Amino acid sequence: MIEIAKQAALYAGELLRERFSEQLTPDLESDNDVKLPEDKASEQRIIEVINRHYPSHTIASEEIGIVQRDDEYLWIVDPLDGTNNYFIGHPYFSVSIALQHAGDVVLGVVYNPVSGQLFWAERGEGAYLNGRRLFASARRELPKAVGTYIRGRDTVTKEEELAFTAPFALQSKRLMRTIAPALDWCLLASGWIDYIVMQKSDIMDVAAGILIAREAGATITDWSGEGYRHEPFTIPSLASLIATGGPLHETIRAMAVADSGSEQR
């Protein structure tokens, strides 16, 4: 199944790469979001591949919602993660595909068609980038650490975000806000960044990335310190998580709880 997921991601990514340098016309643009026809076109390609090989499987995708079929297998699709980046010509976006089987995520693929980076993982088999095995960071020093902040759309105000993230930005080497969370989780898996703070973000956007990071050895908990367990997918499904390579975990988690004023679940 992992090869079919890769095939679908590459097929959709080909279209996104071809249209990336064009002047794009949105279907809808608001203060906080943009909808592009490329989202739907990418989704159609992914669904085409999945339907060809697994016509009985259920599909949950950002554009079409849930196509209910077999309850045992559920494909979780984000056809264009980082739509705002794509719209403004910033080459940090991806196709994200995960497969949930019997209530747990068993494979994940994240593909950046501009950089040619194809990340993937199967449960219990490790995580990979273009065939190279990935391992999460073992960094211990917060002042040398690079992190990223992920939040859900319309779940945190800009004022709340600025207040919450200030201590991380001040105490870390760098805190990024890249607005393409699937790739952020893959950067963590690759050891290129050292921590993620995720606040009330949709699991659909990061299901594949979380599995890839976990298979690379990342430590992932909620803000209370409980180990992350995937809940059978529903829409919407928001989560607040801390992820690190391990040594910095309690430091980052304690900062998140203190900065929020309460534990987020």
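Where is isoleucine 64 placed, and between which strands? The views below start there, in a predicted model where local features need pLDDT of at least 70, side-chain atom pairs count only at pLDDT 80 or more, and totals for chains, interfaces and linings use all residues. Residues are numbered from 1 along each chain as its sequence is written, and side-chain values use heavy atoms, with hydrogens and water left out.

**View 1. Isoleucine 64 sits in the loop between strand E3 (57-61) and strand E4 (65-67).** Strands (E, at least two residues) and helices (H or I, at least four) are DSSP runs, numbered from the N terminus. Isoleucine 64 is partly exposed, at a relative accessible area of 40%; buried would be under 20% and exposed over 50%, with a 1.4 Å probe and protein chains only. Setting aside neighbours within four places in sequence, isoleucine 64 is in contact with Glu43 and Ile47 (contact means heavy atoms within 4.5 Å). Valine 77 is 13 residues away along the chain, and its C-alpha atom is 10.0 Å from that of isoleucine 64.

**View 2. Helix H5 (residues 181-190) is largely enclosed by the rest of the structure, because 10 of its 10 residues are buried.** Among the buried residues are Trp185, Cys186 and Asp184. After H5 comes glycine 191, with a positive phi near 80°.

**View 3. Helix H4 (residues 158-171) packs with helix H7 (residues 249-260) at an angle of about 145°, their axes 8 Å apart.** Axes here are lines fitted to C-alpha atoms, for helices over the stretch in contact, and angles run from 0 to 180 degrees between N-to-C directions. From H4, the contact uses Phe164, Pro167, Phe168 and Gln171, and from H7 it uses Ile252, Met255, Ala256, Asp259 and Ser260. Sorted by type, the contact residues of H4 with H7 come out as six nonpolar, two polar and one charged (Ala, Val, Leu, Ile, Met, Phe, Trp, Tyr, Cys and Pro count as nonpolar, Asp, Glu, Lys and Arg as charged, and the others, Gly among them, as polar).

**View 4. Stepping back, the protein chain has seven helices and 15 strands.** Its C-alpha trace spans about 50 × 40 × 30 Å along the principal axes. Buried residues account for 55% of the 265 residues. Of the contacts between residues at least 6 apart in sequence, 65% join residues at least 24 apart.
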